[in-house]
Amino acid sequence: MSITIEQRRQHRLTTIENSLARRHRQEKRFRFAGLAAVVIGLTLVTILFISILMRGVPAFWQSTLYPEIYFDPEVIQLDEKPERASGESQAAFDERYTQWLIQAGMVNWQSLIDRAMEEALGVEVEPRQLRDLRALVASDERFSLRDQFVENPSLLGQTVEVKMLAAADVDVWIKGNIDRSLPDSRQQLSAQTREWADRLYDENVIRNSFSTSLFLNTDSRSSPASAGLAGAFMGSLFMMLIVIVLSVPIGVASAIYLEEFAPKNRLTDLVEININNLAAVPSIVFGLLGASIFIGYLGLPLSAPLVGGLVLTLMTLPTIIIATRASLRSIPPSIRQAALGIGASRVQTVFHHVLPLALPGILTGSILGVAQALGETAPLLLIGMNAFVSNVPATPLDQSAALPVQIYLWQGNELRNFFEARTSAAIIVLLGLMLSLNALAIWLRKKFETRW
Amino acid sequence: MSNIALIATLLVIMALAYHLGLTRSRAVAAEHDVRMHSRPGYYGALVALWCGLPALALFILWSLLAPQLIDMLVVQQLPPELVAGMNEREMATLLRRITALANERNVAGGGSPEELAAAAHMARLQTFQNTTLIALMAVVAVVGLVLARRRVSPQWRARNHVEKVISIALASCSAIAIFTTVGIVLSMLGEALKFFSFISPAEFFFGTTWNPRFSTSGTDAQGEFGLLPLLWGTMMVSIIALLVAIPVGLMTAIYMAEYAPPWLRSVAKPIIEVLAGIPTIVYGFFALIVIGPFLSSLGDVVGINIRTTSALTAGLVMGIMIIPFVSSLSDDIITQVPKSLRDGALGLGATKSETIRQVVLPAALPGIVGAFLLAASRAIGETMIVVLAAGNNPVLHGNPFEAVSTITVTIVNQLTGDMDFASPQSLVAFALGLTLFVITLGLNVIALVVVRKYRQQYE
Amino acid sequence: MNTSTEPKTSPMVSVGAGESRTSKATDTVKMSAQNVKVFYGASQAINGIDLDVYENEVLAFIGPSGCGKSTFLRCLNRMNDTIDICRVEGKITLDDKDIYAPDRDVVLLRAQVGIVFQKPNPFPKSIYENIAYGPRLHGLAKRKAELDDIVESSLRRAGLWDEVKDRLDQPGTGLSGGQQQRLCIARTVAVSPDVILMDEPCSALDPIATAKVEQLIDELSESYTIVMVTHNMQQAARVADRTAFFHMGDLVEVDSTDEIFTNPQDQRTHDYITGRFG
């Protein structure tokens with residue numbers, strides 16, 4: 001009898017052993033698949049970052065000219081810059097100053113630039129070559145020159161080295177972003193301009209300088225090389241301020257009410273489902289809401305940071321509410337019971353005991369919410385921010401752009417070669433901001449992590 | 001006095017009221033040698049509230065009503081010949097001009113004598129209402145302050161009242177979240193209904209052609225507004241995205257939860273969180289600049305014609321974007337499966353993969369299905385990636401290598417440009433938005449219900 | 001050895017009157033532990049234990065909470081491998097082969113040494129599937145009919161067949177606590193292990209279910225070697241052939257159950273069984 005049992009036992013063991021090889025192979029394959037998934041994900045993201053960095057980093061340095069400009073008194077026929085006389089009213093002075101500015105605007109600054117370029121090249125330019133000459137410098141630079149003079153009229157008669165941006169096509173040519181072997185008909189610049197550009201580069205009159213214009217200028221259609229993010233920065237800044245000022249207090253207050261004070265019934269259940277749904281609603285729907293209510297019904301100005309801020313606030317509200325509630329929930333009931341036990345009221349328990357402990361989590365959630373709002377584009381497009389805006393908004397009611405919208409506008413520009421790099425640079429700026437915010441949130445969370 | 005200055009002054013008075021209330025409560029306590037019900041600060045706060053809130057309410061009411069009242073009065077005063085025959089828009093323009101003149105701003109072409117006269121009248125009215133407002137608010141604030149201060153007594157339960165006010169304030173904040181949803185639904189519903197007065201719902205929901213001619217002449221055909229090509233485009237892109245995101249995301253989650261050493265987990269988790277935060281426009285740009293041309297040249301090598309902007313391009317990159325989302329949701333769900341279940345399987349001699357595939361995943365299935373539904377909802381509602389990388393081709397076709405249009409792209413196209421809220425071309429955006437909202441809402445609700453039911457299993 | 005001339009003292013722990021277990025243990029050593037140490041991270045939980053387990057015996061581990069009995073039990077089928085910070089040193093053999101040897105397959109080991117946990121943990125599958133899982137995993141049944149046989153015989157052995165034979169497709173989680181635990185025992189038995197480990201199998205059960213499980217243990221010891229951890233001294237006295245007393249990570253003494261409870265050699269054992277500490 002026992003022999004048979006032993007035989008059966010051995011038979012069983014052998015059967016199991018036979019299946020082992022296959023099962024272990026399965027195990028290896030499964031584990032490999034998991035690792036492969038992780039590697040694939042990381043690789044794709046690395047490719048994304050590297051391709052953007054590779055395209056964008058060069059755009060932080062831009063071809064800049066350093067010609068010597070002679071502020072010829074013959075060309076600059078201007079009165080003295082007006083000074084405010086004692087007893088003169090502000091309105092009257094403004095009048096005079098404006099008149100002077102208009103005069104200044106009518107001066108032929110372009111000719112000064114042309115002269116300087118001729119000098120730098122060491123050639124006499126014929127009238128038919130003027131166009132080629134002017135193609136070297138960004139077309140808005142004549143306005144910068146005017147502004148420079150208006151700032152400092154004592155420049156009259158002097159010869160100064162002035163920093164000027166090269167035209168976008170020149171930048172593309174010099175950086176080699178366009179195939180040099182392409183025939184003339186496919187090139188953006190004339191052969192003459194290209195030859196001059198190369199010469200100036202060799203003579204170090206054109207240098208690759210850090211493009212502060214990217215950060216300090218506003219967007220520009222007429223002079224692509226001068227296009228910058230300043231307007232978009234201010235727009236985004238206004239919007240983020242509005243988001244922080246509105247959604248954080250309201251969101252935290254709502255969460256406190258829902259978590260600590262509201263009775264636990266069907267109604268509050270419904271509210272919770274409602275908020276969870278809002279958090280998952282596509283952002284473009286909020287844009288529609290903004291378009292129909294804020295712009296259509298309330299008549300707020302189109303493309304204003306105020307409207308953008310309001311829309312983004314509504315979008316960020318559910319995120320902050322959910323994060324705050326999670327943070328409040330993570331605090332064990334014993335804390336509340338202890339406070340109530342010594343006679344604190346509900347409100348006192350929440351504000352003196354629970355809230356301070358939940359603060360790190362709330363802070364982290366709010367920072368992440370704001371970071372998310374910073375990158376949103378679709379709802380802003382719907383409230384009119386898809387238009388070209390060339391000035392820095394002074395108030396939240398002025399028309400403006402925002403960082404992500406600016407990226408969207410630039411990527412659609414016909415000057416693909418130039419703007420691909422510039423868009424990538426703008427993306428690097430945006431990602432830099434967002435990554436810092438995320439890092440701040442993660443650091444805060446690590447620092448204040450308490451285990452109950 | 002400007003509004004901001006007015007509010008600021010009110011706040012200062014409230015601060016004063018707080019101080020008065022506080023000192024008064026201390027004085028009363030000392031005088032009668034009793035314990036007050038609440039700490040002095042609460043009395044101060046209550047007095048400040050009595051002072052400030054009525055005045056604030058008055059301010060808000062006034063600010064809403066006064067401008068309309070003034071406009072009415074000014075219009076009444078206008079000479080009849082001027083206003084006869086003006087339609088609504090012209091009236092509005094006229095009022096705007098008068099308002100600008102009254103505020104000493106310039107208007108185009110200077111103001112006509114009638115406008116100037118009306119402007120002067122309006123300016124006087126404005127000054128009058130401003131002065132009245134200031135006076136009224138001052139009175140209300142002071143009266144409130146005095147009355148409240150009088151009531152300071154040991155029995156007065158200041159803290160309770162203050163806390164009541166706080167709790168009402170908190171509750172109203174939560175109401176805002178609800179109003180948002182209501183607002184979304186109502187506004188879109190309203191505009192969508194207006195749209196359906198132009199185009200019948202059947203034509204919209206079942207139409208197979210999308211060609212909204214922007215009629216410049218105004219009288220010819222409004223164009224065709226069939227949803228199906230857009231719906232199909234959305235589905236195509238979303239399906240491709242999910243085909244990428246779900247396997248990669250799920251396997252990543254499984255590996256992280258079950259196989260990865262702790263150091264890898266602590267490094268990878270923050271990275272995944274950061275990835276989830278990359279703005280979609282960055283993905284869209286990446287798709288356009290890198291993936292599109294890559295797929296196109298890949299297609300050339302293989303012999304298929306893949307467009308640089310196509311459903312495949314957009315779907316692929318959208319999938320990449322959703323991977324962190326799927327991964328972190330699945331990770332939460334898998335780690336929630338109790339260890340006892342795993343131990344039971346391992347104790348019987350199962351390998352790790354067998355435990356995961358045959359015990360853990362089936363147990364976690366409802367939660368994972370919920371995660372997939374949420375991912376689908378995310379994919380369907382995504383805008384910027386498709387705007388940049390899917391092309392613009394609202395035609396019903398089955399070729400993922402061609403460009404498509406999705407619902408989200410069309411909304412953007414229809415509403416950018418001239419925002420004329422009366423034409424079907426703009427209104428259709430709201431009908432589309434409503435459709436999108438309903439679809440994503442449906443998916444979200446199902447997902448939440450499924451996940452909730454699953455959580456109950458383990459609580 | 002106790003050389004007292006006093007008459008033999010009555011058992012310090014009462015065994016139920018009229019109960020006498022007949023041990024089915026043989027002399028063969030089924031599993032043997034030699035100088036086994038267990039560490040959780042830096043702290044040591046088990047301090048060098050030597051212990052033999054005889055074939056077909058019922059061996060009980062007793063001792064106060066936190067003394068390491070469960071930890072040591074789990075070493076016997078390498079369940080501690082699932083805990084990252086746990087480290088095992090020393091030698092444990094099954095049929096004279098070291099189970100911690102690098103070429104030893106854990107999967108095979110666990111098919112030979114099964115385990116039943118403190119809290120019943122049936123899979124969220126049907127009753128049939130719960131039992132069938134193990135055999136299917138290891139390929140022990142080629143056809144459905146064979147699988148049916150295994151399921152039925154396992155449920156019979158666990159004394160659960162009559163109660164569930166009409167509802168085999170119902171979820172295992174729908175059974176009562178006692179039934180679930182017997183289901184888990186049936187599940188373990190279905191794989192026909194040589195040794196069954198039980199980690200406080202009755203602590204989550206009511207007295208009636210406990211009695212049923214204890215009876216089951218007695219029946220099972222005919223075919224299997226059973227090592228069980230128990231908190232309940234009376235239970236050890238009822239079911240175990242030999243009892244081992246653990247204290248603070250040490251194996252204090254191991255002897256036949258009668259001897260331990262009537263004539264403990266070590267003072268600590270004496271103190272524990274007289275209730276000096278819990």
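Reader: How do the axes of helix H14 and helix H17 of chain A lie, that is, within what distance do they come and at what angle do they cross?

Author: In this predicted model, where local features need pLDDT of at least 70, side-chain atom pairs count only at pLDDT 80 or more, and totals for chains, interfaces and linings use all residues, the axes of H14 (residues 346-374) and H17 (residues 416-447) of chain A come within 9 Å and cross at roughly 170°. Residues are numbered from 1 along each chain as its sequence is written, and chains are lettered from A in the order in which they are written.

Reader: Why is H14(A) called roughly antiparallel to H17(A)?

Author: Angles run from 0 to 180 degrees between N-to-C directions, and those over 145 count as roughly antiparallel; the crossing is at roughly 170°, so H14(A) is roughly antiparallel to H17(A).

Reader: Which residues of H14(A) and H17(A) meet?

Author: With contact defined as C-beta atoms, placed from the backbone, within 7 Å, the residues in H14(A) include A:Pro360, A:Ile367 and A:Leu374, and those in H17(A) include A:Leu433, A:Asn438 and A:Arg445. By class, this contact has 13 nonpolar, two polar and one charged residues.

Reader: What makes S1 and S4 of chain A paired strands?

Author: Pairing requires that DSSP finds at least two bridges between two strands; two bridges join S1 (residues 61-65) to S4(A), so the two strands count as paired, and they run antiparallel. A:Leu65 has A:Met164 in S4(A) as its bridge partner.

Reader: Why do S4 and S5 of chain A stand at the edges?

Author: The open sheet has the order S4-S1-S5; S4 (164-165) and S5 (206-210) each have a single partner strand, so one side of each is left without a neighbour in the sheet.

Definitions and conventions
Helix = DSSP H or I, 4+ residues; strand = E, 2+ residues; numbered from the N terminus. Parallel < 35°, antiparallel > 145°, perpendicular 65-115°, else oblique. Contact = placed C-beta atoms within 7 Å. Nonpolar A, V, L, I, M, F, W, Y, C, P; charged D, E, K, R; others polar.
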